[in-house]
Amino acid sequence: MRIRDHRADDEPEINLIPLIDVILVLIIFFVITTTFDTRSVLRLQLPQATGEPPKTPPNTLSVLVNADGRYFVQDREALRTDVESLKRTIVDVAGNDRDRPVLLRADGRTPHQAVVTAYDALGQLGFRQIMIATAPEPRR
């Protein structure tokens, strides 16, 4: 009779579950502790114009349109690029203050339709003081 030794059949295993748990905790930690700055995230190339820049009041509502046609109201991104989604985002940020001046900052490469959609949403909500941001003309 042959007695079999089962110790040779045992193979060492590497359990990855604790490693995955540690990595997920680190990811959550870094996401929570990271600070976000909208100016560093959005790189806008403003169209150029001549003239004196107006003084912007401190409570100006900022609406940004990037080169892809995505909308950002203050620091919140509109979920979709349609008028209704943009209007909901504006109302969430601005509330009922329709006398608040609006600064529309659109990238120079933004499709014209995206800027018109932003104007349309602001007009439908009753905003009347809408300014558009431009970059000064480079000096030669």
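Mentor: Take strand E2, which is mostly covered: five of its five residues are buried. Buried means under 20% relative accessible area, exposed means over 50%, and partly exposed is in between, with a 1.4 Å probe and protein chains only. Strands (E, at least two residues) and helices (H or I, at least four) are DSSP runs, numbered from the N terminus.

Before going on, note that this is a predicted model: local features need pLDDT of at least 70, and side-chain atom pairs count only at pLDDT 80 or more, whereas totals for chains, interfaces and linings use all residues. Residues are numbered from 1 along each chain as its sequence is written, and side-chain values use heavy atoms, with hydrogens and water left out.

For the setting, the protein has four helices and seven strands, arranged along the sequence as α-α-β-β-β-β-α-β-α-β-β. Of its 140 residues, 27% are buried.

Back to E2. In a regular strand the side chains alternate between the two faces of the sheet. In E2, Leu 61, Val 63 and Val 65 point one way, Ser 62 and Leu 64 point the other way, and all are buried.

E2 belongs to an open sheet of five strands, in the order E4-E3-E2-E5-E6, with mixed pairing. E4 and E6 stand at the edges with a single partner strand each, so one side of each has no neighbour in the sheet. Two strands pair if DSSP finds at least two bridges between them. Strands of a sheet pair through backbone hydrogen bonds, either parallel or antiparallel. E2 shows both: the pairing with E5 is parallel, over five bridges, and the pairing with E3 is antiparallel, over three bridges. Leu 64 has Arg 105 in E5 as its bridge partner, and Val 63 has Val 73 in E3.

Helix H3 touches E2, E3 and E4, and its direction makes about 15 degrees with that of E3. Helix H4 touches E2, E3, E5 and E6, and its direction makes about 165 degrees with that of E5. Such axes are lines fitted to C-alpha atoms, for helices over the stretch in contact, and the angles run from 0 to 180 degrees between N-to-C directions. Contact means heavy atoms within 4.5 Å.

H4 covers residues 112-125, which makes 14 residues, and reaches 20 Å from its first C-alpha to its last, close to the 20 Å expected at 1.5 Å a residue. The expected span is 1.5 Å times one less than the number of residues. Its buried residues are Ala 114, Val 115, Thr 117, Ala 118, Ala 121, Leu 122 and Leu 125. Seen down the axis of H4, they fall within an arc of 160 degrees, so they line one face of the helix; the arc is that of the directions from the helix axis to the C-beta atoms. An α-helix has 3.6 residues a turn, so residues three or four places apart point the same way. The buried residues of H4 pack against E2, E3, H3, E5 and E6. On the other side of H4, His 112 and Gln 113 are exposed. Gly 126 follows H4 and has a positive phi, near 100 degrees.

Next, follow the chain out of E2. The hairpin of E2 and E3 has five residues between the strands, and Gly 69 there has a positive phi near 85 degrees. Beyond E3, Gln 74 lies in the loop between E3 and E4. Gln 74 is partly exposed, at 29% relative accessible area.

Glu 77 is in strand E4 and is partly exposed, at 36%. Its contacts, leaving aside neighbours within four places in sequence, are Arg 70, Tyr 71, Phe 72 and Thr 89. The C-alpha atoms of Glu 77 and Leu 64 are separated by 9.1 Å, though the two residues are 13 apart along the chain.
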